[in-house]
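Subject: Structure for you to look at

Dear colleague,

I am passing on the structure we talked about, and below it you will find my notes on what turned up when I went through it. Please read them with the structure open beside you.

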Amino acid sequence: MRDRLTEALKSAHDIEYVDIRLEDKANTWVNFRGPDLDSIGSARTVGGIVRALYKGGWGYATFNDLADLTKRVAEACETARLIGTGTTYFAPVEPVVDVVKASLVKDFRQVPLAEKKALMEEYNQIILGYHKSIQASSIRYSDSFKTIWFANSEGTYVEEEVPDVNLLTAAIGREGDIVQTAHETGGGIDGFQSVECFHDKARLAAQKAVELLAAPPVTGGKYSVVTDPILTGVFTHEAFGHLSESDFVYENPRMQEIMTLGKRFGSERLNIIDDGTVPGGLGTHPYDYEGVPTRKNYLIKEGILVGRLHSRETAAKLKEPVTGNARAVHFQHPPIVRMTNTYIEQGTVPFDEMIKDIKLGVYALKAIGGETAMEMFTFSAGYGYMIRDGKVAELVRDVVLTGNVFETLHNIDQIGNDLGWDSNSPGGCGKYDQHPLRVGLGGPHIRIQNCVVGGQQ
Amino acid sequence: MIIEQIIEKASQKAQGVQALLLTQETSAVDFDNDRLKSAQSSQRTQIEVKVILDGKVGISTTTDLRDIDGVVNRALEAAEFGSPAHFELPEAQALETVKIYDPALLPLQKPEMIRMGQQMMDMIKTYNPEILAGAAVYKTISRVEYANSRGVHYSADHTDFQVSTGGQLTRGTDILFVSQSLGQKKRSVDTEEMATQAIEYFRMAENIAPIQSGDMPVIFTPKGFIALLLSLGLAVDGKSVYLGASPLRDKLGQQIASPNLTLIDDPFVEYGPNTGAFDNEGVPRKVNPIIEKGVLRNFVYDLDTAGRVGAKPTGHGSSRSLTNLVVQPGNLPYEAMLRNIKSGLLVHEFLGLGQGNPINGEFSVNLLLGYKIENGKLVGRVKNTMLAGNAFAALRDITAISREREWVSGPYSWFSGLFPYIQVGKLSVTAK
């Protein structure tokens, strides 16, 4: 393949930079909804993208047909020349040549579809049989094995195998007009065993859905909020992480003022990191999609903004070091600046200590989703508990946290001693039209003062 | 023909086979942060195969046109463990003639698309040079072929054209986003009008208006109306109905919304964003009233869910996606609707839509773009404000519908449709 890519790249002329990324992916899925097998199947997806850079303008060609790479290179170059009229900013990096093989404990490609189905059926039966209030269930299993070939006009060649296993077990409870959903997710990058022995988790989803039916909606208002590691991860990713993506900043002088390195963003206990090398992390890759090695990047250190995430283009434009954060969901898209594994570094406060002086607060757990528009964020907890007089009290539902990120970061006053990772961020991260991208989310329990919890008052 | 080869090959074992072949060419130009950033050419192919083997269903897809044996074999393998087929593949039927192909789009090349984007950006920059403006123009030419083992063979060529513009304005730590977009199947689009609308949303946001928490009347713009449709869309999904998860599952023929609301799913709108004569299961599309004068009329079924509940498939494909939603206009001019409100909100864009428990109807969203109404006038943009309530209750509480309607569509929209401004009597607003 290397020769094929090298040959095709040679046909580029009158252009500053070209790269090619090809992908071949095989995936299978098994979905149950309610008592029925909803869908079982498999897919194969092959395709590629050529990127050409000319005077600051990008030309892209994407394709499913791999037959004529030379033609695609020509197409991308021609497009780039059509639009490039300015100055190219593109950080130099050392070319690398590497082949990254997957390492799987139990290779899901060797597991027969019948076995995958049988296992998912077990999880489904656990949920459906849990309680008479369980109205429906949803089990979604999918796996994929992708090989990516990347080569550029500077001599970089990276071949990487990317395995992925995903499981969602969801229980839907109903009592009259009230419907409540709870889910548990699993999976990972190291094989099929990551979704085996999930029976207890499936049971937990069912139990939570049933409990939530009897739980009142949280009363909207301002609270001291404690988030569990998963929700801490979602908050870090959504509220702050996206602001660190330099493509929001690099051509926006005003944003650069807001995101000035050296500025204080939180207390000196606060450290936020994006690290594409975390072992086993869902966002872990040795190289990003421009062939740049990933690394551990401090974004906030002791409360001070010290770094941000870059592609080669944004790094050059802002005269900052590359970070290895150019990623793409698949070949139909060029890479853009994305997070890898983003987390708040572990602190020292035990959970009990954190809640003991909260008179009235909310303990928010798990995440259904999150979304940001720069300074504003909204994220939904799976469920929550009221905190009353320093103790975890009754279960509440419909817990939606919202706020202004700049204020909220300053309002984080305690950081727990119990760093944890989300086993599988629900649905992955979406940015522009690129969704879902696997990212790692994590952190310890944290306490946020004066946090707005949405809901009817 | 590839598609016939698939039917023939799979039919050697399977009792039923259907195949779908999609081929597509896209050209796109993207402006971002005030400049032409990239342009793209895309070529796509996709084959989807569904087989019924001994009464069980298996599916497989591929993007590789040379992988016919592979895709057929994988579908057959999946069918061995597949779910029981509760349906038969459809027979050939007469199809509605639809307008989905605009030859005027064929000669449209990137330089002209660049000019269109540039014009919209220039207008926004002229209004306020501080705005970081963006624009995008996408043109797609597609061919869809459907065939099955009962002798059906449909094909359709269609064109798609998407235009969008907008920008962001940063003042201090305040960031304002505005975007306008339109997707349709014809070339004629008024780019000047689109830029003018984007500018109007910026202009109305020039002032920040303070707001107090409480219950108040809320006007949903055509784009904002999506927030109320989201729960309805999930609840009329035949699968939720079949599974018992839909709160509307036993409400057909009942009053579920205000009598002034009529909502039709119309796949035959000329050059509409989701117009087409057949779906991806070979079911002819038809006009489906969803709500007529507040009464729930139809759920949306694919072959599978229709078979399970004993209904007819409604032509919304295997994903049961609504096509072009058309809300009947009211008789009140939008300006008059506004004038009638002493204190309230106009809501346009949201953050956090679809989180929580949308099928229940409950929503609690941050206002990304919302405006305070005071004594019949828009007095400025509201900040740090949440809107909460129940979408079904809000549909019952619609107090006015405007005469004016606008198309809402585009890549980030949950639904496409032609919507008026819709006023809801009272919703809970939380200001920070």
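Which residues in α1(B) meet which residues in α2(B)? Before I answer, please keep in mind throughout that this is a predicted model.

**Helix pairs in chain B**

On the side of α1(B), the residues are B:Ile2, B:Gln5, B:Ile6, B:Lys9 and B:Ala10, and on the side of α2(B) they meet B:Ile68, B:Val72, B:Ala75 and B:Leu76. By class, this contact has seven nonpolar residues, one polar and one charged. Helix α1 of chain B covers residues 2-11 and helix α2 of chain B covers residues 68-80, and the two pack at an angle of about 40° with their axes 10 Å apart. That angle makes α1(B) oblique to α2(B), and the crossing in which α1(B) passes α2(B) is right-handed.

A second pair in chain B is formed by helix α3 (residues 110-127) and helix α4 (residues 191-204), whose axes lie 9 Å apart and which pack at an angle of about 30°. Angles under 35 degrees count as roughly parallel, and α3(B) and α4(B) are therefore roughly parallel to each other. The crossing of α3(B) and α4(B) is again one that is right-handed. From α3(B) the residues in the contact are B:Met116, B:Gln119, B:Met120, B:Met123, B:Ile124 and B:Tyr127, which meet B:Thr191, B:Met194, B:Ala195, B:Ala198, B:Ile199 and B:Phe202 in α4(B). Sorted by class, the residues of this contact comprise 10 nonpolar and two polar, with no charged residue.

**Domains of chain B**

Chain B is divided into domain 1, which spans 2-203, and domain 2, which spans 207-432. Their C-alpha centres lie 23 Å apart, and 29 residues of domain 1 of chain B are in contact with 28 residues of domain 2 of chain B. On the domain 1 side of that contact, β1 (16-32), β4 (132-148), β5 (153-171) and β6 (174-184) of chain B each supply at least two residues, and β6(B) gives the most, with six residues. The residues on this side of domain 1 of chain B divide into 15 nonpolar, nine polar and five charged.

**Domains of chain A**

For chain A, the domain assignment gives domain 1 (2-213) and domain 2 (221-454), and the centres of these two domains, taken over C-alpha atoms, are separated by 22 Å. The contact between them takes 32 residues from domain 1 of chain A and 25 residues from domain 2 of chain A. Several elements of chain A each supply at least two residues of the domain 1 side, including β1 (17-33), β2 (36-54), β5 (134-152) and α4 (199-213), while β7(A) gives the most to that side, with six residues. By class, the domain 1 side divides into 14 nonpolar, 11 polar and seven charged residues.

Chain A also has an open sheet of six strands, with the order β11-β10-β9-β14-β25-β22 and mixed pairing. The edge strands of this sheet are β11 (304-305) and β22 (420-421) of chain A, each of which pairs on one side only. Within the sheet, strand β9 (residues 272-275) of chain A and strand β14 (residues 341-344) of chain A run antiparallel and are joined by three bridges, with A:Ile272 standing opposite A:Ile344 in β14(A). Helix α5 (residues 229-240) of chain A packs on the sheet, where it touches β9, β14, β22 and β25 (440-443) of chain A, and its direction makes about 115° with that of β25(A).

**Where the chains meet**

Between the chains, 59 residues of chain B are in contact with 65 residues of chain A. Strand β2 (residues 35-53) of chain B gives the most to the side of chain B that touches chain A, with 11 residues, and by class this side of chain B has 19 nonpolar, 29 polar and 11 charged residues. Strand pairing also links the two chains, in that four bridges join β2(A) to strand β3 (residues 56-62) of chain B, the two strands running parallel. In β3(B), B:Thr62 is the bridge partner of A:Arg44.

With best wishes

Notes. Residues are numbered from 1 along each chain as its sequence is written. Chains are lettered from A and ligands numbered from 1 in the order in which they are written. This is a predicted model: local features need pLDDT of at least 70, side-chain atom pairs count only at pLDDT 80 or more; totals for chains, interfaces and linings use all residues. Axes are lines fitted to C-alpha atoms, for helices over the stretch in contact, and angles run from 0 to 180 degrees between N-to-C directions. Angles under 35 degrees count as roughly parallel, over 145 as roughly antiparallel, 65 to 115 as roughly perpendicular and the rest as oblique. A crossing is left-handed if the near helix is turned anticlockwise from the far one by less than a right angle, and right-handed if clockwise. Two residues are in contact if their C-beta atoms, placed from the backbone, lie within 7 Å. Ala, Val, Leu, Ile, Met, Phe, Trp, Tyr, Cys and Pro count as nonpolar, Asp, Glu, Lys and Arg as charged, and the others, Gly among them, as polar. Two strands pair if DSSP finds at least two bridges between them. Domain bounds come from an automatic or database domain assignment.
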